[in-house]
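Colleague: Can you take me through this one? I'd like to start with a helix and then move on.

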Amino acid sequence: MEPAPWWTSAVAYQVYPRSFQDSDGDGIGDLGGILQRLDHLSDLGVDVLWLSPVYPSPQADNGYDISDYQGIDPLFGTLEQLDELIEALHVRGMKLLMDLVVNHTSDEHPWFEESRASRTSAKRDWYWWRPPRGGFAGGDPGAEPTNWQSFFSGPTWEYDEASGEYYLHLFDRKQPDLNWENPEVRQAVHAMMRWWLDRGVDGFRMDVINMISKDVADDGHLHDGPPIPGTSLGDGSASYLCGPRIHEFLAEMHREVFAGRDGAFLTVGEMPGVTVEEARLFTAPDRAEVDMVFQFEHVGLDHGSSKWDLRPLRMRDLKASFGRWQAGLADVGWNSLYWDNHDQPRAVSRFGDDSPEHRRDSATCLATLLHLHRGTPYVYQGQELGMANFPFTSVDDFRDVESVNHFGTAMVAGEDPARVLAAMRRMSRDNARTPVQWDASPNAGFTTGTPWLPVNPDHVRWNAEAQRDDPGSVLAHYRRLIALRHQEPVVALGDFAMLLPEHDDVYAFTRTLESEVLLVVCNVSARTHRLLDLLPQARAGRLLLGNLPDEDPDLLRPWEARVLRID
Ligand code: TEU
């Protein structure tokens, strides 16, 4: 049998650079800051650093709108510092994943500027330009070539007066979609990726990579989607999620960029809406597309009609979902595991309980649950400290383009501002983007200037310095979980079996590798349960790792998590 790839026992850590550590006092985190904080990552024991975008960008979407793929924005530092980071990580035995954002560029990228310049530009076809809908004049309501709703509110089409055509943007109007049907676009992206690998980076996290193939008719026509109730727009996702050529494009990318190259690389495709069946195809090793995908099912379970329409999470739904993904990628492919990232509110506030009584225990319980699944866990900066949502009070507190646009659209639609604000307080991406809490000082050790987004006032109690030497801290628990994956092949590779699928409070499963069996039990509630009534096999278990001090082995306390070795 082939040995398991290195990333099956690895843990990744995501840095969102603008909020990690500022080194020059401008209130925005930078590469210099990351270089200062590498000991934090070594100490945690992570293997991979995924760096959110640091490329030149007008920052309309905090760097997910790139105007030059082969440089560093002066806001974040220099290319020399990036080289230094690669070197410093490698010396510490860590790898660097760059963020690859190639579904779209910035509208200020020279490619788009050239494309926009005229209808006959050599790069016109690098983007999706279309005339107004038949019978409509350009710019009129309803004249958009399709009815698709953008991820960031409003239509996905922006009218360009000068050339009398629309361009497509699935995200903000400052993020025009690249046309992957055009082979020159693909070649340019492959060349850019090779350039980064030549510099020493170890792979890519690929932003919305399952959106690069659009379902386009032979005559260039794009199809309307089903209407979205309460709006004049439609859901275009059938035309751009895992489109007809997606597997071809990713296989080609692998061939052109990675095939024959020496080294230990990692590719992870971010794929909203991906199904288990599709993920099997994307991650089957013999198909050589990507190593793993970020799927979105579990972070959609508390959504109603949209992410702003929040529903309570039902534990049996979470179990059914995770259970299906574990089973679906058991014989081929691989899972990535996450609760938090820069697009999600903080998990301890969303799925745990961030009240003073339960915050530490629920943060460590959720961590245990996730890290004991089969797959590669991703820790998002601050998650290892139990960082929580921010107490936003007014609409002026938000910076994220998604939140700001949503508020504007909701006001035009006549929604109640207080309700809209309440939903944003819980779901806005800015919750994840407040500065990392390093210490108890006024700006939490993040900056000597004014932070671009305020530091959470709870940093006085919740910070890295306070936790570093405390064996009972969230940080110490993460350290233990990461070490456990490194030490125990059963954690990395064992088969997964869900237990108690209907139980509302207790999430339990086994992991089995040959004669090794682990029983993982997590009480995801503030109620106490009798463990041996629920799982008599726990009687034979020896505690390998837990998040609460040893007490009555039969009592599963609020938010208690245990990993037991069954002999
Ligand atoms: O996000 C993709 C995505 O579809 C969602 O996560 C979306 O951004 C939003 O959270 C839905 O509510 C990726 C990046 O991670 C995100 O930061 C970018 O804004 C987006 O792509 C566009 O590049």
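Colleague: What span should helix α9 have, and what are its end C-alpha atoms apart?

Modeller: This is a predicted model. Helix α9 covers residues 315-328, which is 14 residues, and at 1.5 Å a residue it should span 20 Å. Its end C-alpha atoms are 20 Å apart, so the two agree.

Colleague: Which residues in α9 are buried?

Modeller: M315, L318, K319, S321, F322, G323, W325, Q326 and G328.

Colleague: New topic, the ligand. Which residues come nearest?

Modeller: There are 18 residues around the ligand, and D61, D207, D343, E402 and R429 come nearest. By class, the shell has nine charged, six nonpolar and three polar residues.

Colleague: How far is an oxygen atom of the ligand from an N or O atom in the side chain of D343?

Modeller: That distance is 2.5 Å for D343. For the side chain of R429 the corresponding distance is 2.8 Å, and for K307 it is 3.2 Å. The ligand has 480 Å² of accessible area on its own, and the protein covers 94% of that.

Colleague: Last one, I34. Buried or exposed?

Modeller: I34 is buried, because its relative accessibility is 0%, and the cut-off for buried is under 20%. I34 sits in helix α1, residues 31-36.

Colleague: What does I34 touch?

Modeller: Leaving out residues up to four places away in sequence, I34 touches V15, P17, F20, Q21, L49, L51 and L85.

Conventions. Residues are numbered from 1 along each chain as its sequence is written. This is a predicted model: local features need pLDDT of at least 70, side-chain atom pairs count only at pLDDT 80 or more; totals for chains, interfaces and linings use all residues. Side-chain values use heavy atoms; hydrogens and water are left out. A residue is near a molecule or strand if one of its heavy atoms lies within 4 Å of it. A polar contact is a pair of N or O atoms within 3.5 Å; within protein, one must be able to donate a hydrogen and the other to accept it, and residues adjacent in sequence count only if both atoms are side-chain atoms. Accessible areas come from the Shrake-Rupley method with a 1.4 Å probe; for residues, only the protein chains shown count as cover. Ala, Val, Leu, Ile, Met, Phe, Trp, Tyr, Cys and Pro count as nonpolar, Asp, Glu, Lys and Arg as charged, and the others, Gly among them, as polar. Helices (H or I, at least four residues) and strands (E, at least two) are DSSP runs, numbered from the N terminus. The expected span of a helix is 1.5 Å times one less than its number of residues. Buried means under 20% relative accessible area, exposed over 50%, partly exposed in between (1.4 Å probe, protein chains only). Contact means heavy atoms within 4.5 Å.
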